[in-house]
Amino acid sequence: AAAAWDLSSLSCGFRALCECDFRPDLRGLECDLAQHLAGQHLVRQLVMKGLKAFVENPAPAKPLVMSFHGWTGTGKSYVSSMLVQYLFQDGMASPHVHHFSPVIHFPHADQIERYQSDLKQWILGNLTACGRSLFLFDEVDKMHPGLLGVLRPFLGPSWVVYGTNYRKAIFIFLSNAGGEQINQVALDAWRARRDREELQLRDLEPAISKAITDNPHHGFWQSGIVEDQLLDLLVPFLPLQRHHVRHCVTNELAQLGLAQQQEEEVAQAVVDGTAFFPEEEQLFSSNGCKTVASRITLFL
Ligand SMILES: Nc1ncnc2c1ncn2[C@@H]1O[C@H](COP(=O)(O)OP(=O)(O)OP(=O)(O)O)[C@@H](O)[C@H]1O
C-alpha cells in the first residue's frame, strides 16, 4: 500500500490533478462500471468522457455539472457513489463531498430563504477550503423551486473570487424527471427491434430537457440553470430488463461465494418476484434493481 501511495502522490505532483483528498482513479472507475453497472451504456460513455476531459484539465473553464435522470432503481445513486469513491480518497466520508437531500436538509417550504443563504454560504466556504469539491443533490424533482437558483453563479464560467478557482468543482443532480419519457423511448426502440445499445443521447435529450423545463415542481424550475445551459451533461438512465436485474443479483452475491447452481436459483427467484411493465410486454422492472439486495436475503 505504501508503494501505491507514493506512486499516486508522484503522479499528483506531476499532473497537478490532486488537491485535498481528490485522487482520481478513472481507470478504476471505468473497470468497475464496465463490470458492475447493468444496462447503462450511455451512462458509462457520457460519465467517463465528461470526467476525463474535466479531471485531466488543470484549469477547466467551468465546473463539471451533470444531471442524472431516470426511473427509480436504475442506478443513479449507485453511479454517484461509485464516482465519489474513485475520485476522493475517503469516498463518501471525504470532507469535500457534500450530499444534499430535500427531506433531510430542506424540509420546510416556509424556510426557503434561510436554506438559500445557508446553501450559498456552505458552497462558498467549502470551495474556498477545497476547489476540488463535489456537491451531490438528491431528488431534485422534490426540491423547492427557487432554492437551486442560488447555485447559478457557481455553475458557470465567470465565478472566480479572491483567487479561488471555483471552476474545479463537480456538481451532480439526481432526479426521476424524464424517467417516463426515457422509458417510452426505450420501449419504442424495443418494439421497433432496435438494439438497446444503439440508443444515443440525441434520442433522449430533447424529451428529458422538456420534462425538466415543463415541470414547475422540479428544483430547476425557473432557476436559470437549464436556460443558461449550465448543465454540461444530461445523463439518461434506461429502464432495466430481466437480464439486468439478474446482473444486479450477481453483483450482490459475488462476495458470498455461492455455488453456480445456487446463484442461478436465487437470481431466478428474485426475477420471478419482480414486477415488470408495461402490462402487455412485461419488459422493464418496476423498481429497477432497488429491492434486489433486500429480496436476496429471503432466498438464501
Ligand atoms: N444499473 C444498475 N446496475 C447495477 N446495480 C444497480 C443498477 N441500478 C440499481 N442497482 C442496484 O440497486 C440499488 C438501488 O439503485 P439506486 O439507488 O442507484 O437507484 P436510483 O436510480 O438512485 O433510484 P431512485 O430514483 O429511486 O433514487 C443500487 O444500490 C444498486 O445496488
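Reader: Which helices each supply at least two residues of the shell around the ligand?
Author: Helix H4 (76–87) and helix H10 (242–253) each do so; helices (H or I, at least four residues) and strands (E, at least two) are DSSP runs, numbered from the N terminus. This is a predicted model, in which local features need pLDDT of at least 70, side-chain atom pairs count only at pLDDT 80 or more, and totals for chains, interfaces and linings use all residues. Residues are numbered from 1 along each chain as its sequence is written, and side-chain values use heavy atoms, with hydrogens and water left out.

Reader: How many residues surround the ligand?
Author: There are 19, and the closest are Ala 38, Thr 72, Lys 76, Ser 77 and Lys 290. A residue counts as near if one of its heavy atoms lies within 4 Å of the molecule.

Reader: And which polar side-chain atom lies 2.8 Å from an oxygen atom of the ligand?
Author: That atom belongs to Asn 176. On the backbone side, a polar atom of Thr 74 is 3.1 Å from a ligand nitrogen, and a backbone N or O atom of Gly 75 lies 3.1 Å from a nitrogen atom of the ligand.

Reader: What share of the ligand's accessible area does the protein cover?
Author: The protein covers 83% of the 630 Å² that the ligand has on its own, by the Shrake-Rupley method with a 1.4 Å probe.

Reader: Changing topic: where is the cis peptide bond?
Author: It joins Phe 277 and Pro 278, with omega about -10°. Pro 278 lies in the loop between strand E8 (276–277) and strand E9 (284–285).

Reader: What does Pro 278 touch, not counting residues up to four places away in sequence?
Author: Pro 278 touches Leu 187, Arg 191 and Leu 283, a contact being heavy atoms within 4.5 Å. The C-alpha atoms of Pro 278 and Leu 187 are separated by 8.9 Å, although 91 residues apart along the chain.

Reader: Lastly, what is the mean pLDDT of the chain?
Author: The mean is 91, and 91% of the residues reach 70 or more; pLDDT is the predictor's confidence in each residue, from 0 to 100. Over residues 1–11, however, the pLDDT is below 50.

Conventions:
A polar contact is a pair of N or O atoms within 3.5 Å; within protein, one must be able to donate a hydrogen and the other to accept it, and residues adjacent in sequence count only if both atoms are side-chain atoms.
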